[in-house]
Amino acid sequence: MKSLTSTGKMSAISKLALSLMIGASVFSAHAQKTISLEQAIDLAQQNDPWLHGSKLKQSAVEHRSVASSSLPDPKVSISMMNLPTDSWDFDQEGMTQFKVGVSQMFPRGDSLAIKENQLKMEASKFPLLRENRKAKLKTKVSELWLDAYQAQQTIDLIESDWALFEQMAEVAKASYSNAIGKTRQQDVIRAQLEIIQLEDRLTAQKQKLESTIARLNEWLHVYDSTNIDGAFDFDSQPTVFRVSSQIPTIKLDNPALLKSAKYSRNKLALEFSNHPAILAIDVKRKVSEKGVELAKQQYKPQWGVNASYGYRDDMPSGDERADLFSVGVSFDLPIFTENRQDKQVAASIAESEAVKTEKLLLTKQMISAVEKELRQLNRLSERQLLYKNQLLKQIHEQAEASLTAYTNDDGDFSEVVRARIAELNARVAALKIDVETLKTVARINYFFAATPSHINDDTLENGSSTKFGDK
């Protein structure tokens with residue numbers, strides 16, 4: 001076997017340094033489509049069947065509100081009255097008549113108008129629920145997209161160092177075979193072990209990428225509300241794509257409010273009062289208050305009118321009999337109200353008061369969640385600066401120094417391997433911190449999802465308050 005000279009060793013080490021600049025391998029462009037974060041969010045919001053279903057439910061409630069304002073159908077009765085059983089002759093007795101009657105009942109008090117307003121108000125919550133859904137979709141898709149980006153970039157980092165570790169293994173093997181330098185058998189085994197572990201990390205990241213893409217694909221399913229049957233053609237949907245290699249920029253929607261100098265929970269709660277989820281609870285509260293008004297209408301009597309016309313045949317002698325006309329009014333008397341009307345009103349009041357607590361609970365949850373995410377964001381920002389300004393530079397310098405020392409036969413091979421692994425780990429950790437920072441910002445931005453003005457105006461017209469703590 002040809003002897004490995006010091007010059008040859010330097011040449012091999014130079015190749016190792018050159019391999020650090022090799023770019024990561026990418027998926028073939030013709031096989032996969034690249035999708036950006038903005039495109040993923042737009043697709044998810046445009047193709048969400050839930051949003052279409054919400055519009056249909058809103059339409060159903062609006063139609064029901066119109067139907068509820070109508071009077072009940074009148075009742076018509078047709079009867080033969082007082083037929084003699086001995087002959088069944090229509091003209092035998094004066095009381096025998098053919099009777100046609102009609103009756104109409106009227107709901108109690110203003111219950112029709114109240115029910116109509118209640119349903120119209122209930123319909124106004126659906127646009128708010130859709131805005132809340134869009135905000136949640138944006139957060140969910142952003143997190144999945146960033147998870148895919150992290151796995152994809154981690155794969156690129158590992159693959160970019162793959163050739164380096166293979167070169168190091170070859171150098172260690174050649175150096176050990178020729179008994180040159182300080183290379184030992186355990187160094188050769190260590191280099192081969194690192195390659196195997198690197199392969200395992202690569203496989204794990206590919207598994208993470210594939211599973212994340214599969215989860216993300218659920219929200220990118222193309223949906224056409226005019227062709228629902230076509231949406232069930234799952235084979236025609238794209239299932240494999242690649243996220244962009246450029247990390248997106250996600251900024252806080254309301255950074256001034258979250259600064260420590262101006263931070264106030266009351267101001268935060270006031271800002272949340274325009275969140276669609278909070279406004280939807282306001283609508284629910286107003287609907288329940290209408291329910292109290294509706295229950296109080298049970299104290300009022302229910303009126304009804306009826307009219308009938310009775311036709312009588314002539315007498316057997318040929319003399320005419322006068323036809324008969326009747327008209328009347330009926331109503332009930334809500335006298336025994338203790339166990340019925342009183343309890344219904346009390347139940348409606350209790351339900352209305354319970355809805356008020358929902359707003360408080362949700363506001364508390366939102367404040368707590370924002371504070372949690374904000375503290376995490378602050379620590380992630382500190383770690384970002386630490387990695388950017390110190391850790392990455394020092395770890396890279398340490399790796400270069402260990403490689404230089406080993407080249408000059410003044411260092412240990414295991415130190416070179418350890419330093420390179422540490423550098424790779426640091427780059428992967430820095431990538432994870434960057435991704436977690438963006439995911440945290442995306443989660444915070446959900447809580448500052450503002451309701452569009454036209455939806456807010458419609459909600460106000462239907463009686464919903466937007467002020468926090470409104471009684």
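Glu143, Lys372, Glu373 and Arg443 are tied into a network of salt bridges, and that's a handy place to start in this predicted model. Search the whole structure and you'll find 20 salt bridges. Let's walk through a few of the pairs.

Start with aspartate 147 and lysine 439. Their closest N and O atoms sit 2.8 Å apart, making a salt bridge. The aspartate belongs to helix α5 (residues 125-177) and the lysine to helix α11 (residues 413-446), so this pair ties together parts that are 292 residues apart in sequence. Is this pair buried or exposed? Aspartate 147 has a relative accessibility of 15%, so it counts as buried, the cut-off being under 20%. Lysine 439 comes in at 9% and counts as buried too.

Leaving out residues up to four places away in sequence, lysine 439 touches Glu143, Leu146 and Asp147.

Arginine 242 and aspartate 156 meet through their side chains in a salt bridge, at 3.5 Å from N to O. Here the link also joins distant parts of the chain: arginine 242 is in strand β4 (residues 241-243), aspartate 156 is in helix α5, and 86 residues separate them. Arginine 242 has 9% relative accessibility and counts as buried; aspartate 156, at 10%, counts as buried as well.

Now for a local pair. Glutamate 382 and arginine 379 form a salt bridge through their side chains, at 3.0 Å from N to O. How far apart are they in helix α10? They're three residues apart in that helix (residues 341-407), so about one helical turn separates them. The geometry behind this is simple: an α-helix has 3.6 residues a turn, so residues three or four places apart point the same way. As for solvent, glutamate 382 is partly exposed at 46% relative accessibility, whereas arginine 379 is exposed, with a relative accessible area of 55%.

On to the nonpolar side of things. In soluble globular proteins, nonpolar side chains tend to be buried together. The largest nonpolar core here has 51 residues, and the members that touch the most others are Trp145, Leu268 and Phe272. Which elements give two or more residues to this core? They are α2 (37-46), α5, α6 (185-217), β4, α7 (255-258), α8 (265-272), α10 and α11. Helix α5 supplies the largest share, 13 residues.

Zoom in on leucine 268 for a sense of the packing. Not counting residues up to four places away in sequence, leucine 268 touches Leu257, Leu258, Tyr263, Ile367, Val370 and Phe448.

Last stop is helix α9, which covers residues 276-296. Its 21 residues reach 31 Å from the first C-alpha to the last, close to the 30 Å expected at 1.5 Å a residue. Helix α9 is mostly covered, with 16 of its 21 residues buried.

Note on methods:
Residues are numbered from 1 along each chain as its sequence is written. This is a predicted model: local features need pLDDT of at least 70, side-chain atom pairs count only at pLDDT 80 or more; totals for chains, interfaces and linings use all residues. Side-chain values use heavy atoms; hydrogens and water are left out. Helices (H or I, at least four residues) and strands (E, at least two) are DSSP runs, numbered from the N terminus. The expected span of a helix is 1.5 Å times one less than its number of residues. Buried means under 20% relative accessible area, exposed over 50%, partly exposed in between (1.4 Å probe, protein chains only). A salt bridge is a side-chain nitrogen of Lys or Arg within 4 Å of a carboxyl oxygen of Asp or Glu. Contact means heavy atoms within 4.5 Å. A nonpolar core is a set of buried Ala, Val, Leu, Ile, Met, Phe, Trp, Tyr and Cys residues joined through side-chain atoms within 4.5 Å.
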